[in-house]
Amino acid sequence: MRSPMKNTGTTIITVAGAACMLLAGTGCSSGSSEPTDAGTGTGGSADTGVDTGPPPPVDVVAAGVRWVGRVDVTTDAAHPRFAWSGTGFVAKFMGTSLTAQLAISGSPQIFKAVIDGTPQAPFTAAANTSMMWPLAMGLTSDVHTVELYRQTEGPQGQTQLMALTTDGTLMDPPPGPGKLIELVGDSITCGYGDLGKLGDADCYPTESHWDTYEAVAARMLGAEVSTIAASGRGIIRNYGGDTTGTMPMLYPLTLTNLSTPVWDFHIEPQAVVINLGTNDISNNKGDPGDAFRDTYVDLMTTIRTNYPDAWIIGIIGPLLSGTDLTTIQGHIKDAVDIRTAAGDSKVEFFDMIQAQTSDKFACQYHPNVAENMIMATQLAGELSAKLGW
């Protein structure tokens, strides 16, 4: 496990107060490189009438790095905050080391660094601390790219980037791949306990978003992923049967636990995948009924309003089986049919996710890495077919 680092004052702090957001039609740059072209169309071609989908997603650059997933750059532009699973940043520097000062609010939080494309072992930052964490050390004196992603889900608290330290020079971050998938889900999509064992009492220490089906599928497709998910949440009721803090209620939030700022949806993914319904029926709660279908329709309508050109794909799995599975599948299919009848031609129910077998159980029966890989392959194939990736 990485150890926190004391700031001795001998390295160079390269992130100052500057921050900016690159938006279509506007932009700013921290150096000589050109802003990423965010595209100018809204889907479709004026010349041929062929639907080409949404333009490439906008790059968000703040505090010297490019952000992946939802990030709050409005409250304190110099020190962005992030919370949702898999959210993080990409930095580029010339030198041999890069260290991040991370302020942690809430529970302990797990992070994963990726150095020049190679994932590193995760490290855990203690609750309610602000420490320097070495993301890369002992590299050749050259240009390097470092990514950092949260493995811990949003309800566990916020992370704030306070500073980056390098022995060299922080450079303009590399542009994004122009491919973005958004996932809306529950513990399965968070990666809750996916590195753990069936009998583990606590699944959060073995939570790994990097190993989730959506993160793996995105890497297969050369895309990035923005995950909006929280354990135990459903469409109309949660695992415990309560109806507060369901995913449609959390979906507008930039930071999971805070009502403000709300997300402005200026970054349009090419596809949104919804994997919800397990908690609405599991734990012997029975059929959630038409209210589930209607609220699912409302969620898809909200997504369509914010993302006019994206594919919206409903899935369910892999924890449900038998009557529970067929019941939720029926409600999702009905919701998709309602949207289709309303004229939405880019919405579907992808029903190929099969119930997992007992050899694929991780912590508290959640899908393990092998099961996530199976789902990733299925989802990547469907996204490739729909998006031409």
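Six of the eight residues of helix 2 are buried, so this helix is largely enclosed by the rest of the structure. The model is a predicted one.

Which residues of helix 2 are buried? They are Tyr213, Glu214, Ala215, Val216, Ala217 and Ala218. After helix 2 comes Gly222. The phi of Gly222 is positive, near 65°.

**The chain as a whole**

The chain has 389 residues, and 54% of them are buried. Take the contacts between residues at least 6 apart in sequence: 76% of them join residues at least 24 apart.

**The disulfide**

How many disulfides does the structure hold? It holds one. The partners are Cys203 and Cys363, with their sulfur atoms 2.0 Å apart. The torsion about their S-S bond is about -85°, so the disulfide is left-handed. Cys203 sits in the loop between helix 1 (187-190) and helix 2 (213-220). Cys363 sits in the loop between strand 18 (347-349) and helix 7 (369-387). The pair therefore ties together parts that are 160 residues apart in sequence.

Are these cysteines buried or exposed? Cys203 is buried, and Cys363 is buried too. The cut-off for buried is under 20% relative accessible area. Cys190 also counts as buried. The table gives the values.

| Residue | Relative accessible area | Class |
|---|---|---|
| Cys203 | 0% | buried |
| Cys363 | 0% | buried |
| Cys190 | 0% | buried |

**Where helix 5 meets helix 6**

Helix 5 spans residues 290-306, and helix 6 spans residues 322-341. Their axes come within 9 Å and cross at roughly 45°. That angle makes helix 5 oblique to helix 6. The crossing is right-handed.

Which residues of helix 5 meet helix 6? They are Phe292, Arg293, Tyr296, Val297, Met300, Thr301 and Arg304. On the helix 6 side, the contact is made by Ile328, His331, Ile332, Asp334, Ala335, Val336, Ile338 and Arg339. By class, this contact has nine nonpolar, two polar and four charged residues. An α-helix has 3.6 residues a turn, so residues three or four places apart point the same way.

Note on methods. Residues numbered from 1 in each chain as written. Predicted model: local features only at pLDDT ≥ 70, side-chain atom pairs only at ≥ 80, totals over all residues. Heavy atoms only, no water. Disulfide = S-S within 2.5 Å. Helix = DSSP H or I, 4+ residues; strand = E, 2+ residues; numbered from the N terminus. Buried < 20%, exposed > 50% of the residue type's maximum accessible area, 1.4 Å probe, protein only. Axes fitted to C-alpha atoms, helices over the stretch in contact; angles between N-to-C directions. Parallel < 35°, antiparallel > 145°, perpendicular 65-115°, else oblique. Left-handed = near helix turned anticlockwise from the far one by under 90°. Contact = heavy atoms within 4.5 Å. Nonpolar A, V, L, I, M, F, W, Y, C, P; charged D, E, K, R; others polar.
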